There are 2 protein chains.
Amino acid sequence: MNIKFADVSYNVEHALDLIKRSDARLIVLPELFNTGYMFDSPEEILAFAEDKNGFTIQSFLRIAKEKNCYITGGFAEKERDKIYNSSFLVGPEGLSGIYRKVHLFRDEKKIFSPGNLPLRLYNIDGFNAGLMICFDWLFPEIARSYALMGADIICHSANLVLPYCPDALITRALENRVFFILSNRIGKESMGDRILRFIGKSEIVAPDGDVLLRAGTDTEGIFEAEIEPSMARDKNITPLNNIFEDRRCDIYSEKILKK
Amino acid sequence: MNIKFADVSYNVEHALDLIKRSDARLIVLPELFNTGYMFDSPEEILAFAEDKNGFTIQSFLRIAKEKNCYITGGFAEKERDKIYNSSFLVGPEGLSGIYRKVHLFRDEKKIFSPGNLPLRLYNIDGFNAGLMICFDWLFPEIARSYALMGADIICHSANLVLPYCPDALITRALENRVFFILSNRIGKESMGDRILRFIGKSEIVAPDGDVLLRAGTDTEGIFEAEIEPSMARDKNITPLNNIFEDRRCDIYSEKILKK
């Protein structure tokens, strides 16, 4: 998606239009796709922050029921006096849940509170999906946590500006043998003389590292692939190597779970 | 390096010849560079397995003293009735230590015992180096452990046959902000009708993901880059993001350190 800064009704309608053209069972939208990204302060984004009863989630709840599909995407979430960089997951049966971005990038720290919800998985047709947002990709522990919890698919809503993530997700998919669905925005935003260019390259990566599709750097659209999620249940990378059973927790440093 | 199967004296002499042409302070050789790879049984490799008093380590101890440098590389290590897929690190002051491969790949499980030594770092000119071998790359916990223990450089001796690792190490370097030095062999080996082709692509990757050099798929030689190891001490990826301080151990699953 390309996104109009601070124009929620346009962005939501535009996403709905794209979704109407798709028969996908699971649709992933970018981070903060309804508001845009470069807000200067919590006060500035507050007017666009919503909760589960807000315009954005209610709009996608309706279309998820109509089209009998699951949709996840990022939005600015308001809870009491806090604002989170969040993503929702809605499906035919209603709101599955909300993820709050755990690792905030740069100036997001001045605007959002860090995610405070435990990681959890959502059931889609008997398979398990986890949500993460943009900069979370750099920390191997998030995808690892989801995979060890039983994730088959990780939905990754992003506003990437650095070039590394699309290739890094091949590593993340391989090391966990899960599907990755990256939805990244295109276009640019500016604030004063600071310009952010979003790199696009939305992609779907299979548990064997195969890039099933990768979009261009400036192409908007619905990009679809058919996947067989049960492939993520097979953790054998060779007849003699199961990537989970081969883990050597007796050798790894305990610092991995300590600050 | 290209390697002659089961010809230790040739391989060691050949590695020494290559090293004599280099003025590097730290030299990384491939996995099992002195013996070759495709042994069929522990009995078959036993004749080529050595300990710290063996021909291989003693040869590199001498040249490390002569040339005032550090050298690490892989060898089959014999300890009592066990054989390990190991790597040594020698320097001007003697044998720094031995690493035993923690994650064995495929048929290695029929030949070698899995590594049983705690992870540790070695001091090189005031910087910290960790050792890992080939398939260890797939498990993010090894490089993460070393990085959290204070590693600046990870020396990776390999006999890679799958295509993923050279790109994956860019992710490993970025997520830990450490240097990676991958030394992979070239050429092929066969046993019966099974052929392994080793992919080469030895490389040095900087903590910012920059690939300082990458060798070809079939080029033997000494490939050198000058690095500033202190770069690995700076864990700030943006003025507001320190990749270690940003970790959210309160959120990650405890399963990361449990089988």
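D107(A) counts as partly exposed because its relative accessibility is 21%, where partly exposed lies between buried, under 20% relative accessible area, and exposed, over 50% (1.4 Å probe, protein chains only). This is a predicted model, in which local features need pLDDT of at least 70 and side-chain atom pairs count only at pLDDT 80 or more, while totals for chains, interfaces and linings use all residues. Residues are numbered from 1 along each chain as its sequence is written, chains are lettered from A and ligands numbered from 1 in the order in which they are written, and side-chain values use heavy atoms, with hydrogens and water left out.

Back to D107(A). Its partner in a salt bridge is K110(A), with the closest N and O atoms 3.3 Å apart; the term needs a side-chain nitrogen of Lys or Arg within 4 Å of a carboxyl oxygen of Asp or Glu. K110(A) is exposed, at 53% relative accessibility. Over all chains the count comes to 36 salt bridges.

Another one sits within chain B. E77(B) pairs with R100(B) at 2.9 Å. The two are 23 residues apart, E77(B) in strand 2 and R100(B) in strand 4 of chain B (strands are DSSP runs of E, at least two residues; helices are runs of H or I, at least four; both are numbered from the N terminus). E77(B) is buried, with a relative accessible area of 6%, and R100(B) is buried with 6% as well.

Now the contact between the chains. It takes 51 residues from chain B and 51 from chain A, contact being heavy atoms within 4.5 Å. The area buried is about 4800 Å², with 65% from carbon and sulfur atoms; that is the accessible area (1.4 Å probe) that two parts lose on being put together, summed over both. On the chain B side, I251(B), I256(B) and L257(B) lose the most area to chain A, together 13% of what that side buries.

How many salt bridges are there between chain B and chain A? The count is eight. One of them joins K109(B) to D246(A) at 2.7 Å, N to O. E175(B) and R172(A) also meet in a salt bridge, at 2.6 Å. That pair crosses between chains, from helix 5 of chain B to helix 5 of chain A. Both E175(B) and R172(A) are buried. They belong to a network of salt bridges that links R172(A), E175(A), R172(B) and E175(B).
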